[in-house]
Amino acid sequence: MPSAPFRLSVLAAAAVLIAACGGQEKNTAASAPTADTVTRNNVTEPQSLDPHQITGVPEINVVRDLLEGLVETDGKGAVIPAAAESWESGDNKVWTFKLREGLKWSNGEPLTAEDFVYSWRRLVDPKTASQYATYLQAAKIENIDEILKGEKSPDTLGVKAVDPQTLQITLTAAVPYFPQMLYHAATKPVHRATVEKHGVKWTQPENFVGNGPYVMKNWVVNERIELEKNPQYRDAANVKINKVVFLPIGSQTDDVARYEAGEVDITDALPPEMYAKLQEKYPQELKRSPYLCTYYFEINNQKAPFDDVRVRKALSLALDRETIAAKVLGRGEEPAYNLTRAGTAGFVPYVPEWSKLDQAARVAEAKKLLAEAGYSESKPLTFSFLYNTSEQHKKIAVAAASMWQQALGFVKVNLENQEWKTYLDSRRNGNYQIARASWCGDYNEPSTFLNTLQSANSSNRAFYKNADYDALLAKTLQADIDDKERTRLYTQAEAQIDKDSAVIPVYGYVNSRLVKPHIGGYSTEDVLNELPSKRLFIQK
């Protein structure tokens, strides 16, 4: 799952706010619980709430409450039944999902297997232009390759409704983790009549029809999104929060201030420079957990000067990840040398030989590579570094630029800041040289990270193309590959990424938030960091 404006988010120093923090007692953040409402910071205004048009975490956070797929995850990140009550496969290629009886859309109409057929066909239809169309390609659903090339119609996709409660999906390869992939937003159903009647406006509150625990009540752009409980939801009796409010608070210091003022119940990520103070002040309210996300620098592999592997490698070598993780951030983040987050199920990290060198030796090698590529004091390496509006992203970008310029000498970095939606478009269209990026696992398995760099993957915004890399990932799904061999192939894929310096991994995320004491149901054990509002409740 791609970069949120920071699935960790935004930051900033604020001496006034820090001083204000010191004037209150521990565990006494202003709190005025409303019996049936939870207010959450969602960092930025969503690009869209159509599950087939979104790519970022802020969008997925809201869609998760509005729509429900075949499966969902529990508080520990395990896949559990949702719209489907069960599933089975004898060969990991043909999967049969049994839907629950009596499923309904929020307008009272029945929801059937045919709704999933329509929705998945819409997802892969080239006319939809979904950035997640290749998600089903990674799942190896029958005919997906030909559909994406325009050689076959979307209605040939290997998914069919056997009857109203039975959905059958045919894959071209055995994918043992296929059910794990199906909690993702892109695979959730949409209401056909509503989509076809209202077009791009179908997600507006007055038009919206969904099947999740909540429905849209109000959407004030750049101010708030309000959801209310869906009485037609299959498990409505166990949804304890009647109203959910999402706020687009871009500054982490503002987020904390509004939390302390009682305006926010759940913050997003915490400002690094305030972290220690907040941990001391609110030890019971500060929730920290592992997070299946990697922060990395995305390199446009097809645009000069980064079409030269020596230049890409030099910047990777000269970047002091340890300093960024420990000093620029300092909330428990870990330096990263792999795109796949360490701790992902079935993953053994690749350890580059250069990572064992001290920073001085890395820099010496980086200078040598740049000299070989033709750069010097008289011909400096000059490039732009793109990041989306965020004090924290800015802080990391400034730190990286400083490291490169000071360590390498003949490097000039122009920092470029864009708002979230513009930034997404720039990356998607290749209008950048280096950009900050992050990827959060769509499921707990290495392929969720590694597939993003396949040559034909729609999430491959580094425009990296390597047939050997593609072949390695293709081999992971061959019938004779067991789990041990698949793990070995994943490590080889990371070695290929490192050899080509396709991207520059920077650090592995942790998740740190402030959560009001009256909020129950918040889990610190889910590495996927799912937080559906239906899990939450107000504690007495």
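Predicted model: local features only at pLDDT ≥ 70, side-chain atom pairs only at ≥ 80, totals over all residues.
The chain averages a pLDDT of 92, and 94% of the residues score at least 70. Over residues 3-33, however, the pLDDT is below 50, although this stretch has 124 contacts in the model beyond near neighbours in sequence.

The count of salt bridges comes to 23. One of them is formed by Glu530 and Arg64, whose closest N and O atoms are 2.8 Å apart. Glu530 lies in the loop between β17 (519-520) and β18 (537-538), whereas Arg64 belongs to helix α2 (residues 57-66), so the pair ties together parts that are 466 residues apart in sequence. Glu530 is buried, at 8% relative accessibility, and Arg64 is likewise buried, with a relative accessible area of 8%. A salt bridge with an N to O distance of 2.7 Å joins the side chains of Glu68 and Arg234. Because Glu68 is placed in the loop between α2 and β2 (71-73) and Arg234 in the loop between β9 (224-229) and β10 (243-247), this pair ties together parts that are 166 residues apart in sequence. Glu68 counts as buried at 4% relative accessibility, while Arg234, with a relative accessible area of 28%, is partly exposed.

In a further salt bridge, the side chains of Lys281 and Glu260 meet at 3.0 Å, N to O. This pair links helix α8 (residues 272-281), which holds Lys281, with helix α7, which holds Glu260, across 21 residues. Both partners are buried, Lys281 with a relative accessible area of 4% and Glu260 with one of 7%. Salt bridges with shared partners also join Glu68, Glu72, Arg234 and Lys534 into one network.

In helix α7 (residues 252-260), the buried residues are Gln252, Thr253, Asp255, Val256, Tyr259 and Glu260. Viewed down the axis of α7, these residues fall within an arc of 155°, so they line one face of the helix. Just after α7, Gly262 takes a positive phi of about 85°.

Glu445, located in the loop between β15 (434-440) and α14 (447-450), is buried yet has no salt bridge, the nearest side chain of opposite charge being that of Arg486 at 5.0 Å.

Asn143, in the loop between α4 (135-138) and α5 (144-148), is buried, with a relative accessible area of 17%. A polar atom of the Asn143 side chain lies 2.7 Å from the backbone oxygen of Thr156.

Technical notes. Residues numbered from 1 in each chain as written. Heavy atoms only, no water. Buried < 20%, exposed > 50% of the residue type's maximum accessible area, 1.4 Å probe, protein only. Helix = DSSP H or I, 4+ residues; strand = E, 2+ residues; numbered from the N terminus. Arc of directions from axis to C-beta. Lys, Arg positive; Asp, Glu negative; His and termini not counted. Salt bridge = Lys/Arg side-chain N within 4 Å of Asp/Glu carboxyl O. pLDDT = per-residue confidence, 0-100. Contact = heavy atoms within 4.5 Å. Polar contact = N/O pair within 3.5 Å; in protein donor to acceptor, adjacent residues only side chain to side chain.
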